[in-house]
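Q: I have a structure to go through before setting up some calculations. Can you take my questions as they come?

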Amino acid sequence: KTQPLRLMLRGFVRMAQSDAASTTVAAALGSVRERIVAAHEAAQKTGVKFPHAPRLVAVSKTKPSELLLEAYAAGQRVFGENYVQELVDKAADERLPKDIQWHFIGHLQSNKCKFLAEIPGLSMVETVSSVKLADQLNAACTKCGRAAPLDVMVQINTSHEENKHGVTAAEAAEVAAHISTHCHALRVRGLMTIGAAERELKQGEQNPDFVALRACRASVAARLGVDEHTLELSMGMSADFEHAIALGSSNVRVGSTIFGARHYPPQLQDAAAAAQEKAPQ
């Protein structure tokens, strides 16, 4: 008699935990959205121009599909992933709606491009960090016959850290021009940076990584012959997305503030430890 009772109690506990997670994700998501709107309105009043209202990328790396569904139910459609295999698995998960727009925001190796290109819901790759990688991704997209060019961002290593990927600001215009001219299966949407993780800014001080990315956009736009405000800036994470928006970010990557702290499964712990620069949110 005690066994059925224990099973029943466990069921109630799981239901309670699920309800709590649902409320937490929905509430956190709502709070982040309100803060984004407020930051956007404040930035516009100071004359900052945006290609569109800031996009929220809910960074769901290491999070189970159940939590993504909670965010989806609360209206979130754009999700970001750092690991190719995890994104492939989630995109194939029948529980997740097919209208999710996936952003890849981690370091991409050339030999993994084909797996990304085959994901129908892949909306953007934010971490194109070399001409070689752009060519490989372009070839993969061409081979699998994507219906439209894949949006990409050129990743800039604004902090000049050896453990971070990305081109230098001086190289950015050349890489963007190469993609625009030679990679017809890709479309340059803008620039992305991770920046230094432990920057301590004084009151009123601007993040030098964000300032550098904004300056880099001007040179890239000039090379491409476009209005710089049509190019996106992807910068800002959980700790600093409002400051990033104040400096013109149109794409913020927020994870732990929405989904809570990450708990890496054993198979990802080694990879996470070896690649700490992979957009910690």
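Q: Start with valine 125. What does it touch, leaving out residues up to four places away in sequence?
A: Valine 125 touches Phe104, Leu108, Leu116, Leu137, Leu150, Asp151, Val152 and Met153. Bear in mind that this is a predicted model.

Q: Which residues of the largest nonpolar core touch the most other members?
A: Val125 is one of them, along with Leu116, Leu137, Ile179, Leu186 and Ile258. The core has 65 residues.

Q: Which element gives that core its largest share?
A: Helix α1, residues 2-45, which supplies six residues.

Q: What about a second core?
A: There is a separate one of five residues, and its members include Met124, Met153, Ile194 and Met237.

Q: Zoom out. How many helices and strands are in the chain?
A: The protein chain has 10 helices and eight strands.

Q: And what fraction of the residues is buried?
A: Of 281 residues, 47% count as buried.

Q: Aromatics next. How many aromatic pairs are there?
A: One. Phenylalanine 79 and tryptophan 102 have ring centres 6.2 Å apart and planes at 50°, so the pair is tilted.

Q: Where do those two sit in the chain?
A: Phenylalanine 79 is in strand β2 (residues 78-81) and tryptophan 102 is in strand β3 (residues 101-104). They are 23 residues apart, and the pair links distant parts of the chain.

Q: Is phenylalanine 79 buried or exposed?
A: Buried, with a relative accessible area of 0%. Tryptophan 102 also counts as buried, because its relative accessibility is 4% and the cut-off is under 20%.

Q: Which others in α2 are buried?
A: Ser65, Leu67, Leu68, Glu70 and Ala71.

Q: What is the phi of the glycine that follows α2?
A: Glycine 75 has a positive phi, near 105°.

Q: Which residues other than glycine have positive phi?
A: Threonine 62, at about 70°, is one. Histidine 160 is another, with phi near 60°.

Q: Where are they, and are they buried or exposed?
A: Threonine 62 is in the loop between β1 (55-59) and α2, and at 13% relative accessibility it counts as buried. Histidine 160 is in the loop between β5 and α6. Histidine 160 is exposed, with a relative accessible area of 62%.

Q: Stay on that β5 to α6 loop. What is asparagine 157 in contact with, apart from neighbours within four places in sequence?
A: Asparagine 157 is in that loop too, and its contacts are Lys164, His165, Gly166 and Val167. It counts as buried at 10% relative accessibility.

Q: Is lysine 164 buried or exposed?
A: Lysine 164 counts as buried, at 12% relative accessibility. It lies in the loop between β5 (150-155) and α6 (169-182).

Q: Which side chain does lysine 164 make a polar contact with?
A: That of glutamate 161, at 2.9 Å.

Q: Compare lysine 132. Is that one buried or exposed?
A: Lysine 132 is exposed, with a relative accessible area of 56%. Lysine 132 is in helix α5, residues 131-144.

Q: How far is lysine 132 from serine 110?
A: They are 7.9 Å apart from C-alpha to C-alpha, and 22 residues apart in sequence.

Q: Last topic, before I set up the cysteines. How many disulfides are there?
A: Zero, from a search of the whole structure. For cysteine 144, the nearest cysteine sulfur is that of cysteine 141, 5.6 Å away. The cut-off for a disulfide is 2.5 Å, so cysteine 144 is in none.

Q: Is cysteine 216 buried or exposed?
A: Cysteine 216 counts as buried, at 4% relative accessibility. Cysteine 144, at 32%, counts as partly exposed.

Technical notes: Residues are numbered from 1 along each chain as its sequence is written. This is a predicted model: local features need pLDDT of at least 70, side-chain atom pairs count only at pLDDT 80 or more; totals for chains, interfaces and linings use all residues. Side-chain values use heavy atoms; hydrogens and water are left out. A nonpolar core is a set of buried Ala, Val, Leu, Ile, Met, Phe, Trp, Tyr and Cys residues joined through side-chain atoms within 4.5 Å. Buried means under 20% relative accessible area, exposed over 50%, partly exposed in between (1.4 Å probe, protein chains only). Helices (H or I, at least four residues) and strands (E, at least two) are DSSP runs, numbered from the N terminus. Contact means heavy atoms within 4.5 Å. A polar contact is a pair of N or O atoms within 3.5 Å; within protein, one must be able to donate a hydrogen and the other to accept it, and residues adjacent in sequence count only if both atoms are side-chain atoms. Rings of Phe, Tyr and Trp (its six-membered ring) pair if their centres lie within 6.5 Å; planes under 30 degrees apart count as stacked, over 60 as edge-to-face and the rest as tilted.
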